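Hi,

Here is the structure I promised to pass on.

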Amino acid sequence: MAHVKDPVCGMTVDSSKAAANYRYAGQDYWFCSTHCQQQFVATPARYAAAPADTGPTAGSQHQHHAPASAAIEPGEKAKDPICGMVVNKATALKSERGGRSYYFCSETCLRTFESPENELKSMKTRVTIAMTGVLALAVLRAGAFLGLATGATLLSWAPIPNLPWFTWGMWLFLLVTPVQFIGGWTFYRGAWNTLRTGNINMDFLIALGTSVAYFYSVVVMFFPDVLPVKVAERDVYFEVSAVIIAFVLLGRYMEEIIKKKSSAAVRRLLDLKPATAHVLRDGQEVEIPAGSIMVGETVVVKPGEKIATDGEVISGQSTVDESMLTGESMPVEKQPGHTVIGGTLNRAGVFSFRATRIGADTALAQIIRMVEEAQTSTAHIQRLADEVTRYFVPAVISVAVLAFVGWWLAGDFPQGLLAFIAVLIISCPCALGIATPAALMVGVGKGADGGMLIRGGEVLERAEKLSCVVFDKTGTLTRGEPTVTDIVPFDVHDELDVLRLAAAVETGSEHPLGEAIVRAANHRQLTLPAASAITGLAGLGIRGQVNGLPVWLGNRRLLAQQGIATGVADDAMRHLEQNGKTAMLVGYADKLIGIIAVADTLKPEASEAIALLKQQHIKVVMLSGDNQRTAGAIARQLGIERVIAEVLPEDKVKVIQQLQQEGEVVAMVGDGVNDAPALATADIGIAIGSGSDVAKETGGIILIRNDVRDVENAIRLSRATMRKIKQNLFWAFIYNSIGIPIAALGLMNPMVAGAAMALSSLSVIVNSALLKRVRISTQAEGAAS
């Protein structure tokens, strides 16, 4: 007995019990079904590109190696989903998830994608080493100062002259070296990447400044004769190097805690796909991995199961919750000939469908692709600090060279060399690493107190110029579930009679419209009569019996089939439908007794939220997967002039892109999986806290309180935080900019350098703390209190 892999579907099968086998090009292949064998025989070269696996299969979804496949064309490119770098598929590292291949430029990006928590843990280790080293330096320095202040020196109790290796400089060397090369490894790696791409950024500046400080100090310590002038051991820059690395690394760690990796959103999307599916093979229903379904196979879906892939219904009837894709809360009736979408939920009924699209061709895979592309395109928008660094680095190097040449021409070559080194060291702004994270941490805390979570600095960079907010309708401006809005009685019955009879036959229903009717009856504390013979009528409604008489609830066609006249309800039905409501007729015995209208109603605060944005002169657009009539009715209630209806996820992305092409800086507000691509594409994605995990992973701002009035609050807080970041960047640079001419004139020493860094860092922290005084309260805050 041997376990082998079916070359078509990838399933592991027992060769002694395989449904079929086939010999091709001198190699034996085994199959889980005759269907797989037929697929193989039709195009054997396609599946025989790699030899059949005759050993046990590990079943891993990931491959940490390159090249990816023999089918890859030489030179074929892909985009790294973490860093956005374009890589060669043939040489890149590869990982497979959900039937889709991802390619990476480095092991770091691959690890970040597959286990961002582990990568964050690795960064935490580097931060711990760096901060421990700096703390030890601070304790050592404090001890020395205290000793001097009390008139005692180490010489009074330790034979330092007899221990030449245990000098002040040696202690600094021992403490700083791990910080320099373990904590600072990130910056060396980043600097190498910037040299390859030609885009100078913070990594290059930090690696340059700290390396000069460290290696200059090493030369002073161990090779003093190499220098053209005698330098005292106390004038080493070990401390400066360690402090820069520790503070900048701490700032980046703070940012990583706040923001979520794009891979998290992708993993959430992949989780929407069921792990297994029931398919018919050789007349038998078998459970297989969902990724093994092939085009043309018949898939059986039972109540409560997720649909495994896209297809067309061939038998059975059911209602399917497609809110994942469309965002609309109303379920969709499915009958033979209708299409179904992978990842959506079967609410009731059993049906079979023929798979028409699998793997990367499915609608869910397209959503994943759109989220990936949007996030990698926005993840590397030039940060303000890097923009400043691009000009700052050449300027610093120029000043250093001029100082060196100036002193050399003045006849003092040693002083010129020391001035050159001092300029490069003092130019590296320690506070720059915490300028953004410090303000961001205060802003995040302020926002969290007010029910908002800001995910990262990239969001803030665009908040200042925001000009347009796009709202998804369902679940964002509306409650996201149907509610009974109108009851119109006829004949001798009143509203409570109509609702009581309708709720009686809908008791126990899993249909959202039926659940809304039952909720309305329970809210009115009605006592419901017992109903029997309840039967769902696909495409028509529902019937049952109460007190021995039939009750009918559904559309015009249902009552017409029973010979019940509905003409008296025409005007009321037309009016309700024009206002975007779903109107259902209620018949009892042989008479029409009323209409029950159901709609997804507005959130109480929605109108005020729109008004607040208009006061800020921000344009408002509403998107909806619903029909134009329903969407238009909602927009009129809110005072929104521009509404775009009947849109799918890819259409939402196109709308956002069109607005951006028109020069608008766009924020997208949504709550569903279907909103994720648009949230990622928009300049600012704002997710509703009660929405799907995918939307929250994708959004840059999360409204924790689910109050859409907080959209305006979030924008205001974002702008205030961005102002603080800009002020922090000023304080981060100003002390160092003042120190550069001092260094060029040969007046710099480690004490002055340390003072400049301490003052700049203190200024950044104090200025960030002032953000707590920003007032963001509005009527929304008052309503919540």
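**Sheets, spans and salt bridges**

Val-470 sits opposite Met-668 of β28. The two strands involved, β19 (residues 468-472) and β28 (residues 666-670), run parallel and pair over four bridges. (Strands pair if DSSP finds at least two bridges between them; strands are DSSP runs of E, at least two residues, and helices are runs of H or I, at least four, numbered from the N terminus.)

Before you go further: this is a predicted model, where local features need pLDDT of at least 70, side-chain atom pairs count only at pLDDT 80 or more, and totals for chains, interfaces and linings use all residues. Residues are numbered from 1 along each chain as its sequence is written, and side-chain values use heavy atoms, with hydrogens and water left out.

Back to that sheet. It is open, with seven strands in the order β18-β30-β29-β28-β19-β26-β27 and mixed pairing. β18 (452-454) and β27 (642-644) are the edge strands; each has a single partner, so one side of each has no neighbour in the sheet.

There is also an open sheet of six strands, antiparallel, ordered β10-β9-β11-β17-β12-β15. Here β10 (284-289) and β15 (339-340) are at the edges, each with a single partner strand, so one side of each lacks a neighbour in the sheet. Within it, β12 (residues 310-316) and β17 (residues 351-357) pair antiparallel over six bridges, and Gly-316 has Phe-351 in β17 as its bridge partner.

On to the salt bridges (a side-chain nitrogen of Lys or Arg within 4 Å of a carboxyl oxygen of Asp or Glu): the whole structure has 15. Two that I looked at:

- Arg-281 and Glu-297 meet at 2.5 Å, N to O. Arg-281 is in strand β9 (residues 276-281) and Glu-297 in the loop between β10 and β11 (298-301), 16 residues apart. Arg-281 is buried at 6% relative accessibility, and Glu-297 is buried at 2%. (Buried means under 20% relative accessible area, exposed over 50%, partly exposed in between, with a 1.4 Å probe and protein chains only.)
- Arg-709 and Glu-608 meet at 3.0 Å, N to O. Arg-709 lies in the loop between β30 (701-703) and α26 (710-744) and Glu-608 in helix α21 (residues 606-615), so the pair ties together parts 101 residues apart in sequence. Arg-709 is buried at 10%, while Glu-608 is partly exposed at 25%. Shared partners join Glu-608, Asp-707 and Arg-709 into one salt-bridge network.

Cheers
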